[in-house]
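Biologist: Please walk me through the helix packing in this model. Keep it brisk.

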Amino acid sequence: RRQRQMCIRDSINAEYGGISYAVHPPLHMIKLSDNQKIGVFLTAFGLFFTFLGVLLFFDRGFIAIGNLAFLTGVVLVMGTKKTFDFFFQRKKFKGSVLFFGGVFLVIVGWAFVGIAIESFGFVNLFGDFFPYLFGFLRRIPYVGVFLKLPVIRQIVDRIIGDSNLPV
C-alpha cells in the first residue's frame with residue numbers, strides 16, 4: 001500500500017512539474033474544457049433550481065427546470081457516451097428507472113411524489129460518488145473548515161466510511 005501511494009505521489013509530481021502538492025493538486029490546476037465548465041455550471045444551476053423548487057412548496061416549474069439543467073450539465077461534463085453508459089449500467093438500472101421516473105412525474109405535475117422517487121434514484125445512482133465529493137469539499141478553503149467542525153466531521157466521516165479515496 002505504501003508503495004502504491006508513493007507511485008501515485010510521484011506521478012502527480014511529474015504531472016505538475018515536479019512540484020509536490022502533498023498528493024492533491026490545487027483546485028486552480030484542475031483542467032476543464034469549455035463544455036465541462038458549462039456543464040459544471042448547469043449542474044450547479046440545476047441543483048439550485050431543484051432546491052429552490054422544493055423550498056417553494058414543490059413548485060413544479062422550478063423543479064422541472066432544475067432537472068433538465070442538471071441532466072444537461074451531466075451530459076456536458078461526462079460526454080454523451082459515458083453518460084449513457086453510466087445511466088444504463090446493469091447494477092444502476094433500478095436507480096436510473098427511479099430517477100427518470102421521478103423526473104417524468106415532476107414534469108407531469110406530481111412534484112412531491114416525483115421528488116421523493118427521484119431522490120431515492122439519485123442516491124442509488126450517485127451514492128458511490130459521495131466519498132469523493134466530501135473528499136473534494138474538504139479541500140475547498142471555507143467549506144473544508146466547516147466540514148472539520150467536530151459534529152459535522154463525525155457525520156461526514158460516517159458517510160464516507162472506510163472507502164479509500166483515490167490520490
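Modeller: Start with the contact between α3 and α4: L71, V74, V75 and M78 in α3 meet T80, K82, T83, F86 and F87 in α4. Contact means heavy atoms within 4.5 Å. Helices (H or I, at least four residues) are DSSP runs, numbered from the N terminus. This is a predicted model: local features need pLDDT of at least 70, side-chain atom pairs count only at pLDDT 80 or more, and totals for chains, interfaces and linings use all residues. Residues are numbered from 1 along each chain as its sequence is written, and side-chain values use heavy atoms, with hydrogens and water left out.

Biologist: By class, what residues does the contact of α3 with α4 have?

Modeller: Ala, Val, Leu, Ile, Met, Phe, Trp, Tyr, Cys and Pro count as nonpolar, Asp, Glu, Lys and Arg as charged, and the others, Gly among them, as polar. On that basis, the contact of α3 with α4 has six nonpolar, two polar and one charged residues.

Biologist: At what angle do the axes of α3 and α4 cross?

Modeller: Axes are lines fitted to C-alpha atoms, for helices over the stretch in contact, and angles run from 0 to 180 degrees between N-to-C directions. The crossing is right-handed. The axes of α3 (residues 60–78) and α4 (residues 80–87) come within 6 Å, and the angle is roughly 115 degrees.

Biologist: What is the angle between α3 and α5?

Modeller: R60, I63, A64, N67, F70 and L71 in α3 meet F99, F100, V103, V106, I107 and V108 in α5. These residues divide into 10 nonpolar, one polar and one charged. The axes are 9 Å apart, and the angle is about 145 degrees.

Biologist: Which residues does F126 contact, leaving aside its neighbours within four places in sequence?

Modeller: F126 belongs to the largest nonpolar core. Leaving aside those neighbours, its contacts are F70, F86 and F87.

Biologist: Why does T43 count as buried?

Modeller: T43 lies in α2 (residues 34–55). Beyond four places in sequence, T43 is in contact with A69, F70, G73 and V74. Buried means under 20% relative accessible area, exposed over 50%, partly exposed in between (1.4 Å probe, protein chains only). T43 counts as buried because its relative accessibility is 17%.

Biologist: How far apart in space are F49 and G66, C-alpha to C-alpha?

Modeller: F49 is in α2 and is buried, with a relative accessible area of 16%. Not counting residues up to four places away in sequence, F49 touches F62, I63, I65 and G66. F49 and G66 are 17 residues apart in sequence, yet their C-alpha distance is 4.6 Å.

Biologist: Is F57 buried or exposed?

Modeller: F57 sits in the loop between α2 and α3. Its phi is positive, about 60 degrees, although F57 is not a glycine. With a relative accessible area of 77%, F57 is exposed.

Biologist: What is the relative accessibility of F58?

Modeller: F58 is found in the loop between α2 and α3. Phi of F58 is near 60 degrees, a positive value in a residue other than glycine. F58 counts as partly exposed, at 27%.

Conventions:
Helices (H or I, at least four residues) and strands (E, at least two) are DSSP runs, numbered from the N terminus. A crossing is left-handed if the near helix is turned anticlockwise from the far one by less than a right angle, and right-handed if clockwise. A nonpolar core is a set of buried Ala, Val, Leu, Ile, Met, Phe, Trp, Tyr and Cys residues joined through side-chain atoms within 4.5 Å.
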